[in-house]
2 protein chains.
Amino acid sequence: MFELNKLPADCAQRRGGGGCAYCRARPFSVCASVPDADLHRLDALAETVVLAAGQALFHEGDPAGHVFNVTSGSVRTYRLLADGRRHIAGFLFAGDFIGLGVGETYGLSAEAIEATTVCRFRASEYRALMAERRELEAALLARAGDELAAAQRQMLLLARKTALERVASFLLDLPAADPLRPGPAGIVRLPMTRSEMADYLGLTLETVSRTLTRLKRSGLVRQLALNELRVEKPDALRALADGGA
Amino acid sequence: MFELNKLPADCAQRRGGGGCAYCRARPFSVCASVPDADLHRLDALAETVVLAAGQALFHEGDPAGHVFNVTSGSVRTYRLLADGRRHIAGFLFAGDFIGLGVGETYGLSAEAIEATTVCRFRASEYRALMAERRELEAALLARAGDELAAAQRQMLLLARKTALERVASFLLDLPAADPLRPGPAGIVRLPMTRSEMADYLGLTLETVSRTLTRLKRSGLVRQLALNELRVEKPDALRALADGGA
DNA sequence: CGGGGGCCTTGATCCAGGTCAACCGGACGT
DNA sequence: ACGTCCGGTTGACCTGGATCAAGGCCCCCG
């Protein structure tokens, strides 16, 4: 039911050619903590991996051999229950780090949503680099704190918000997550399907669709293209999202 | 509707008397990363705070002046929506650290569930100590990773599990969270009310009560006392919790 | 240019869990 | 001893969102 594409061995290569210096995602990533003068250390460990839409980075239960930085595109992380129910833990964009909670094995699966590039490190080498470059460790700790706070907001959403509030929250939070595509304020790009939004928000795809229709009809949101829309009344939408009566 | 008890100024005191060396929660906390020889550094910064049931440590939106370690008892962290809907983000026990995701202000409120002691540090001093003692920073990063993984499991629960699966998961995960009260295997102590369980699990208190009754009737669980029960069939309960058909 | 397969939307119906309400029992204060 | 309060349990009913089903649109491919 969900494809299990392998990662072709040839699409990842050790670089060493100073790629980090030109990485557009660096300012948004934990790599920003590494001073320019030390970038060669990162470069020496980094592999660039190019992914097509639907390709997997790893699967839940795989030995956790690598950590990743997303450099362009978007990634979903998810988990399945035995009977196929799916939960999408997060959508990741340029600058996001993958590998914070991981121990021996990955606790989630990760797949590209669209054409995506990630920067890959052997976990053991990355840990060694962390031990060497303290700022990197501090940056990861700060990032982990931010993600924890985001996870707590998401738990509130899942535990207590209505479908309308969930979708409204999603539309407001999503654009901020993708720093490479700031675009004009209020434009929301939706690279994922309705089904993926549903599995992220704890709803069904039908409910997501109906709820978006309601938001359009009420004029809070306008559809610009399939999977792109504009928030027309951000304050009203925010009030909705936060359960403001 | 929810009490807003103040923290009496006199219940917290700077110690400096070598308390950390005798702290029963230390082996389970991030403090375990500080070598015995350096414990005086922790002691110098630590204040012991004794809390009665229901007393608040801080409220959402307060300036985040302190971080905490729980040393005994239990704490709930929660957030409210404008109309009073509550979500309990977590139950914390001896060894748990409070202050990972915090920035300028607290994003959650925290209150003692029962008689509780916590160890309090000024956030600025704790940050300075972290800069000085690297192992502490590493311990916090590891802890943050664990919490992130736990948050992801909880999001799966909230997004996709049924009431029965949620309660079963809760009963299995809770005992492991309280290291000072290991007790005989399979004994679950529930210091929180049905309403608090509900707000943690994204249910209502009635549904929690009915679901516990179902578990008792089906023989998976036996009630020993009010708020204490024993898991009779851990494997069956685990299968239930994980949605195993 | 025609056919097929995703993805999306919309409608009709169903049901798990929410809501409202009654009652029970233990802990407490007087 | 008694009343009150708070937490828990149980029952009856309701509803938001799930489920089941039918098309529609668009894109790609032959």
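**Figure 1. Packing of helix α6 in chain A.** In this predicted model, the buried residues of α6(A) pack against α4 (163-173), α5 and β11 (221-225) of chain A. Helices (H or I, at least four residues) and strands (E, at least two) are DSSP runs, numbered from the N terminus. Two residues are in contact if their C-beta atoms, placed from the backbone, lie within 7 Å. The buried residues in α6(A) are Val208(A), Thr211(A) and Leu215(A). They lie on the same side of α6(A) because they cover an arc of only 70° around the axis, the arc being that of the directions from the helix axis to the C-beta atoms. A residue is buried if 20 or more other C-beta atoms lie within 10 Å of its own, exposed if 12 or fewer, and partly exposed in between, with C-beta atoms placed from the backbone. Exposed residues Glu206(A), Thr213(A) and Arg217(A) are carried on the face of α6(A) turned away from its buried side. An α-helix has 3.6 residues a turn, so residues three or four places apart point the same way.

The model is predicted: local features need pLDDT of at least 70 and side-chain atom pairs count only at pLDDT 80 or more, whereas totals for chains, interfaces and linings use all residues. Residues are numbered from 1 along each chain as its sequence is written, while chains are lettered from A and ligands numbered from 1 in the order in which they are written.

**Figure 2. Length and end of α6(A).** The 13 residues of α6(A) should span 18 Å at 1.5 Å a residue, and the end C-alpha atoms are 18 Å apart, which agrees. The expected span of a helix is 1.5 Å times one less than its number of residues. Just after α6(A), Gly219(A) takes a positive phi of about 80°.

**Figure 3. The surface near DNA strand C.** Of the 16 residues around DNA strand C, Thr193(A), Ser209(A), Thr213(A), Thr162(B) and Thr207(B) come nearest. A residue is near a strand if its C-beta atom, placed from the backbone, lies within 6 Å of it. Two or more residues each come from α5 (194-201) and α6 (205-217) of chain A and from α6 (205-217) of chain B. The largest share, 6 residues, comes from α6(A).

**Figure 4. The surface near DNA strand D.** DNA strand D is surrounded by 16 residues, the closest being Thr207(A), Thr193(B), Arg194(B), Ser209(B) and Thr213(B). Here α6(B) provides the largest share, 6 residues.

**Figure 5. The contact between chains A and B.** Chain B and chain A each give 33 residues to the contact. On the side of chain B that touches chain A, β6 (86-93) and α3 (134-160) of chain B give two or more residues. Of these elements, α3(B) gives the most, with 17 residues.

**Figure 6. Met155 in the nonpolar core.** Met155(A) and Met155(B) have the most contacts inside the largest nonpolar core, which has 120 residues. A nonpolar core is a set of buried Ala, Val, Leu, Ile, Met, Phe, Trp, Tyr and Cys residues joined through C-beta atoms within 7 Å. Residues up to four places away in sequence not counted, Met155(A) touches His87(B), Ala89(B), Ala151(B), Gln154(B), Met155(B) and Leu158(B).

**Figure 7. Ala112(A) in strand β8.** Ala112(A) is found in strand β8 (residues 109-112) of chain A. This residue counts as buried because Ala112(A) has 25 C-beta neighbours inside 10 Å.
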